[in-house]
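Open the structure in your viewer and keep the selection tool handy.

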Amino acid sequence: MFDPKTHCVVVVGAQWGDEGKGKLVDVLAERADVVVRYQGGANAGHTVVIGEEQFVLHQIPSGILHQGCTCLVGNGVVLDPETFFTELDRLHDRGVTTSGRLFVSDRAHLVMPYHKLLDAASEKSQQLGTTGRGIGPTYEDKYGRRGIRVGDLRHLEGACDLLASRVERANQLLAVMGAAERASLPQHIELLERLAPRLVPLASDTGLLVHRALRDGRRVLLEGAQGALLDVDHGTYPFVTSSNTTAGGAAVGAGIGPTAVDGVLGVVKAYTTRVGNGPLPTEATAGAGEELRRLGGEFGATTGRPRRCGWFDATVVRYSVRVNGLTGLAVTKLDVLDTFSEIPVGTAYEMDGGDCEEMPAEVRMLERVKPRYEVLPGWRKPLAGARRLADLPPEARAYLDRLQDLAGAPIRYVSVGTRRDQIIEV
Ligand code: GDP
């Protein structure tokens, strides 16, 4: 993706998340100087496999596994400081050094324990299938202008005053919601007092760091979490996450202008999955779905929840190409389809007997669409060893060609396994 004219690349999930963005960012980070997370929080889970080792990263950008890479947690992220440091300690234990190359935006909002209590209480009534990590309530507070930001910790006394009023408000809400739990102010104060001395030294104007890196001709990767169909504006509302996952959110969440972005890579699975509730038009029948889940290891990296599985949905990916302005696609997990003799691809939707070419805005309509399928022949050979397009069997190449035609964006990468080297650059 990087070339003399392309210095700033966004990597986004182009379906419902879990497309393998972590692996792609890890691969691309080899050529990047800076990697920035721009939205979401500890509800995301990127899995990166290096050799025999597996790293699951929730809040720290996947670029951290490359020693030369500076990693930034952007202003658009909501940061859970406790789990952030747990993750960091785990990396340190495994020999990854981060000193001087990991910074957190001083404008990023903090996820507090009371946000998690509110999340659990509202999930009971709303049933959106959230991860319960407090992300939604933290964004609500951000937009309600009640948030506590990383930079606030520079003046701990003031931050504790803010905390007192926020905890009181949270407890009022919990009472109204009929929840039994209450947030404890002393526990919250203890948390901030304990973590502020570690967090404040990392706090920085990360947008400025990105700006300077680009000015100096360095390569920057903006790493999205979740996927386009979970975007709060463009996703299957209300079964969405609470931030803008799409590429437009990358500029805002990283603190740079949109004109700084040169390319957008959309990561898509060779099939489709989603966690949580909400419509999934190309959901496979129970048997095939179970097979995809087993072969693809489709269980959430954050919650361990089984993912719902289905076939490639071209309507979703075409929509994603449009709302993200994708300049390229990375198709992951092609190897998961190795054993299927026939592979259905959802080419378009029908609704009420007519065509439905674009993603409907309302989930009620999306629940009514019927995918039109084209069935492509499988290749029935293991792809794990392929490193060039020419190594792929003709059926696999034909499958990719068809996805590319249907999606309307060029395929730039094909991933055929979990490991870093199991990638084909097209
Ligand atoms: P992310 O949040 O988009 O990074 O996705 P996750 O990490 O939640 O899920 C992707 C999963 O698929 C991880 O377990 C990866 O190791 C795995 N993965 C990524 N690419 C491939 C691939 O090409 N083939 C296979 N079999 N697994 C892959």
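Start by selecting K116, which is partly exposed, with a relative accessible area of 30%; partly exposed lies between buried, under 20% relative accessible area, and exposed, over 50% (1.4 Å probe, protein chains only). This is a predicted model, in which local features need pLDDT of at least 70 and side-chain atom pairs count only at pLDDT 80 or more, while totals for chains, interfaces and linings use all residues. Residues are numbered from 1 along each chain as its sequence is written, and side-chain values use heavy atoms, with hydrogens and water left out.

Helices (H or I, at least four residues) and strands (E, at least two) are DSSP runs, numbered from the N terminus. D80 counts as buried, at 3% relative accessibility.

Stay with α3 (residues 113–126) and bring in helix α4 (residues 135–143). How closely do their axes come, and at what angle do they cross? They come within 7 Å and cross at roughly 110 degrees; axes are lines fitted to C-alpha atoms, for helices over the stretch in contact, and angles run from 0 to 180 degrees between N-to-C directions. To see the contact (heavy atoms within 4.5 Å), show Y114, H115, L118 and D119 of α3 with I135, P137, T138 and D141 of α4.

Next, select E425 and R31. They form a salt bridge whose closest N and O atoms are 3.0 Å apart. The pair spans 394 residues, from strand β20 (residues 423–425), which holds E425, to the loop between α1 and β2 (34–37), which holds R31. Both are partly exposed: E425 has a relative accessible area of 47%, and R31 has 33%.

From there, move to helix α1 (residues 21–29). Is it mostly covered or mostly open? It is mostly covered, with nine of its nine residues buried, K21, K23 and D26 among them.

For the last stop, pick R294 and E291 in helix α9 (residues 286–296), three residues apart, about one turn of the helix. Their side chains meet in a salt bridge (3.2 Å, N to O). R294 counts as exposed at 54% relative accessibility, whereas E291 is partly exposed at 29%.

Note on methods
A salt bridge is a side-chain nitrogen of Lys or Arg within 4 Å of a carboxyl oxygen of Asp or Glu.
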